Each structure stands twice: as C-alpha cells, then as structure tokens.
Amino acid sequence: MERQKMNTLRMVMLSMMVAIGVVISPILRIEGMCPTAHLVNIVCSVLLGPWYSLLCATMIGVIRMMFMGIPPLALTGAVFGAFLSGVLYRLSKGKIICAVIGEIIGTGIIGSIVSYPVMAFIMGRDGLTAFYYTPMFLSATTMGGIVAYIFLKSLSRSGLLAKFQWSLGAKVYDKGRESGRPAKAY
C-alpha cells in the first residue's frame, strides 16, 4: 500500500512538472532559448531522477510542438540536458551544482549540436552551422540553471528538499540522512 501511494505521488509530481513546464515555457522564449524549460528539467532531475526528468522533458517538448507550434528544438534542446542533469546529480551524491552542470553540458553543448542536423536537414532551415544554436542554448541553460540552483538550495536549507525526495522515494543525499529518511519527523 505504501509503495502504491509513493508511485501515485511520483505520477502526480511528474504531471505537475509537465504542466508547469508547458505553462511557463513562453516566458523569455525565443527560438533556441527557453530558460524556464531548464529550470523544470533540473528540479525534476533532483526530485525524481534522470529517467523521470527525461520523460518530463519529452512530454513537455511533444506538447509544445503539438499545441504551440514549436519546432523540434523543443525536444533536442531539452532531453539530453534533462537526463544528464539527473545522472550527474546522482553520480555526485546530491550536489545541486552538478545537476546544473549536467543540464548545461547536455543541452548547451550536446543538444545544440544535435539540433543543427535536425533543423538543417529535416526542417530545411538554410544558413545554419554546426554550432549555430550553441550560444543561445548555453545562455538559456545558464539562466534556467541559476534560478534552479537558487530554488533548490533554498529548499535544501529549509529541509524541504530532503522531505520531498523522501516522500517521492528518491535517495536523500543531505548529510546526516544516510538512512534515506529526513532527520526530522515530518
């Protein structure tokens, strides 16, 4: 019963992250830049892990492409960073800055390079080079990463990050919480 409750909570959190990602995506958005998407990717990576973050970024991208007319950059500019953010967060044993760095490398470098052939050859855009999207992607991921870092650090200092992670069944990395359960009773 407890496992079913945790799985339901994960699905609700994933659904909320997708909804938030779709609704706030037009903020500061120009083609090749969507800082709010990177904020959502990093938060989802830290709260739910790399696979959920990948799923979240994919769902947001597909919804944005279908209903908002966004080009495939909605996918190529999100999925690599989302997954790498979660992987580096776990490999670093819970360092939020590593989640941000994963998003910047995954989207700002890998995603921007993958976007070139997709936009040039599949979408037929002329005048693009292999690194055409790199400056925009790096700028957007840095902006979104800074906001995510500040937000997650605030949650961590207040003890809420550990509480959320524990409730979602994610590994809690905060020092003094080796059991995976927050130090305080919530």
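Is lysine 93 buried or exposed? Lysine 93 is exposed, because its relative accessible area is 61% and the cut-off for exposed is over 50%. The model behind this value is predicted.

Lysine 93 sits in the loop between helix 5 (79–91) and helix 6. Its phi is near 60°, a positive value in a residue other than glycine.

Valine 18 belongs to helix 1. Valine 18 counts as buried, because its relative accessibility is 6% and buried means under 20%. What does valine 18 contact, leaving aside its neighbours within four places in sequence? Its partners are Cys56, Met59, Ile60 and Ile63. Valine 18 and leucine 55 are 37 residues apart in sequence, and their C-alpha atoms are 9.2 Å apart in space.

Serine 139 is part of helix 7. Its relative accessibility is 36%, so serine 139 counts as partly exposed. From serine 139 to leucine 84 there are 55 residues in sequence and 18 Å in space, C-alpha to C-alpha.

**How the helices pack**

Two packed helices are described by the angle between their axes and the distance between the axes.

| Helix pair | Axis distance | Angle |
|---|---|---|
| Helix 2 and helix 7 | within 7 Å | roughly 45° |
| Helix 2 and helix 8 | 8 Å | about 65° |
| Helix 7 and helix 8 | within 5 Å | roughly 90° |

Take helix 2 (residues 35–48) and helix 7 (residues 134–158) to begin with. Their axes cross at roughly 45°, and the two helices are therefore oblique to each other. The crossing of helix 2 past helix 7 is right-handed. On helix 2, the contact uses Pro35, His38, Leu39, Ile42, Val43 and Val46. On helix 7, the contact residues include Ala140, Met143, Gly144, Ala148, Phe151 and Leu152. By class, this contact of helix 2 with helix 7 has eleven nonpolar, four polar and no charged residues.

Helix 2 also packs against helix 8, at an angle of about 65°. Val46, Leu47 and Leu48 of helix 2 meet Leu161, Phe164, Gln165 and Leu168 of helix 8. The contact of helix 2 with helix 8 counts six nonpolar residues, one polar and no charged.

Now helix 7 and helix 8. Their axes cross at roughly 90°, which means helix 7 is roughly perpendicular to helix 8. Leu152, Leu155, Ser156 and Ser158 of helix 7 touch helix 8 through Leu160, Leu161 and Phe164. In this contact of helix 7 with helix 8, five residues are nonpolar, two are polar and none is charged.

**The nonpolar cores**

In soluble globular proteins, nonpolar side chains tend to be buried together. Which residues touch the most other members of the largest nonpolar core? Of its 26 residues, they are Cys56, Leu152 and Leu161. Helices 1 (2–24), 2, 3 (50–68), 6 (96–122), 7 and 8 (160–168) each supply at least two residues of this core. Helix 2 gives the most, with eight residues.

Leucine 152 touches Ile42, Val43, Val46, Ile96 and Leu161, not counting residues up to four places away in sequence. A second, separate core has nine residues, among them Leu73, Ala120, Leu128 and Ala140.

Definitions and conventions: Residues are numbered from 1 along each chain as its sequence is written. This is a predicted model: local features need pLDDT of at least 70, side-chain atom pairs count only at pLDDT 80 or more; totals for chains, interfaces and linings use all residues. Side-chain values use heavy atoms; hydrogens and water are left out. Axes are lines fitted to C-alpha atoms, for helices over the stretch in contact, and angles run from 0 to 180 degrees between N-to-C directions. Helices (H or I, at least four residues) and strands (E, at least two) are DSSP runs, numbered from the N terminus. Angles under 35 degrees count as roughly parallel, over 145 as roughly antiparallel, 65 to 115 as roughly perpendicular and the rest as oblique. A crossing is left-handed if the near helix is turned anticlockwise from the far one by less than a right angle, and right-handed if clockwise. Contact means heavy atoms within 4.5 Å. Ala, Val, Leu, Ile, Met, Phe, Trp, Tyr, Cys and Pro count as nonpolar, Asp, Glu, Lys and Arg as charged, and the others, Gly among them, as polar. A nonpolar core is a set of buried Ala, Val, Leu, Ile, Met, Phe, Trp, Tyr and Cys residues joined through side-chain atoms within 4.5 Å. Buried means under 20% relative accessible area, exposed over 50%, partly exposed in between (1.4 Å probe, protein chains only).
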